[in-house]
Amino acid sequence: MASSRYPTQPHELTDADVAAMRAAESQPGASVSDRYHLCYALAKALEDRRNYEAAFAFYSRGNALKKSELKGDSEALIETLQRQKQVCTREFSSRGAAWLPQSGSIFIVGMPRAGSTLIEQILASHSRIDGTMELPDIPRLVHQFRDRVPGQPPATRPSSRI
């Protein structure tokens, strides 16, 4: 039974709601975070009204604002993920099954936003499993070997760890 506090149907925004959100998003003093959240809300409201062109424009604007806050080298990340896709094939994974011990450590490795942290937390909820959270070792090794040429030793880079 649905609670009256949480309606089962989404709230339909009025024209006045949409106008107020547009005004708030365009305020010069609005933070970037507030602006992209408003853009996403406006996009959803416009999408619900089947105004897809305007909705897409707000989704694009929100994405651009969100991207402006992100730190990191997206090109390097894309290149790394493409290389991982080439290496981490089904055949590669099946060969790795022979390496697994019958007992001992289990390393959960995954792509960003793939759920590996959630899997680690679920497993760590068992009394006989100790979760270590995310360790910096795997990303550090990836960065260390990123520019490696197959058949040649990796270039030596200073470690960021103390």
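Helix H2 and helix H3 cross in a left-handed manner, where left-handed means that the near helix is turned anticlockwise from the far one by less than a right angle, and right-handed would mean clockwise. This is a predicted model, in which local features need pLDDT of at least 70 and side-chain atom pairs count only at pLDDT 80 or more, while totals for chains, interfaces and linings use all residues. Residues are numbered from 1 along each chain as its sequence is written, and side-chain values use heavy atoms, with hydrogens and water left out.

Select residues 32–48 for H2 and 52–69 for H3. Helices (H or I, at least four residues) and strands (E, at least two) are DSSP runs, numbered from the N terminus. Two packed helices are described by the angle between their axes and the distance between the axes. For H2 and H3 the angle is about 160 degrees and the axes are 8 Å apart. Axes are lines fitted to C-alpha atoms, for helices over the stretch in contact, and angles run from 0 to 180 degrees between N-to-C directions. H2 and H3 are therefore roughly antiparallel to each other; angles over 145 degrees count as roughly antiparallel, under 35 as roughly parallel, 65 to 115 as roughly perpendicular and the rest as oblique.

Next, show the side chains where H2 meets H3. The contact (heavy atoms within 4.5 Å) includes Val 32, Tyr 36 and Cys 39 of H2, and Phe 58, Tyr 59 and Leu 65 of H3. By class, the residues of this contact are 13 nonpolar, four polar and six charged. Here Ala, Val, Leu, Ile, Met, Phe, Trp, Tyr, Cys and Pro count as nonpolar, Asp, Glu, Lys and Arg as charged, and the others, Gly among them, as polar.

Two further selections belong to this pair. Ser 68 lies in H3 and is exposed, with a relative accessible area of 51%. Buried means under 20% relative accessible area, exposed over 50%, and partly exposed in between (1.4 Å probe, protein chains only). Draw a distance from the C-alpha atom of Ser 68 to that of Val 32: the two residues are 36 apart along the chain, and these atoms are separated by 8.5 Å. Then select Arg 50, in the loop between H2 and H3. Arg 50 has a phi near 65 degrees, a positive value in a residue other than glycine, and at 63% relative accessibility it counts as exposed.

The contact of H1 with H2 has nine nonpolar, no polar and three charged residues.

Is Glu 25 buried or exposed? Glu 25, in H1, is buried, with a relative accessible area of 3%. Beyond residues up to four places away in sequence, Glu 25 touches Arg 35, Leu 38, Cys 39, Leu 42, Phe 58, Arg 61 and Leu 65.

In soluble globular proteins, nonpolar side chains tend to be buried together. A nonpolar core is a set of buried Ala, Val, Leu, Ile, Met, Phe, Trp, Tyr and Cys residues joined through side-chain atoms within 4.5 Å. Select Val 18, Met 21, Cys 39, Leu 42, Leu 46, Phe 58 and Leu 65, which have the most contacts inside the largest such core, a set of 13 residues. H1, H2 and H3 each supply at least two residues of this core, and its largest share, seven residues, comes from H2.

**Last stop: helix H4 and the whole chain**

Move to H4, residues 74–87, and select Gln 84. Gln 84 counts as partly exposed, at 24% relative accessibility. Its contacts, leaving aside neighbours within four places in sequence, are Met 111 and Val 142. Thr 80, also in H4, is buried, with a relative accessible area of 11%.

Finally, display the whole protein: there are seven helices and zero strands. Of its 162 residues, 12% count as buried.
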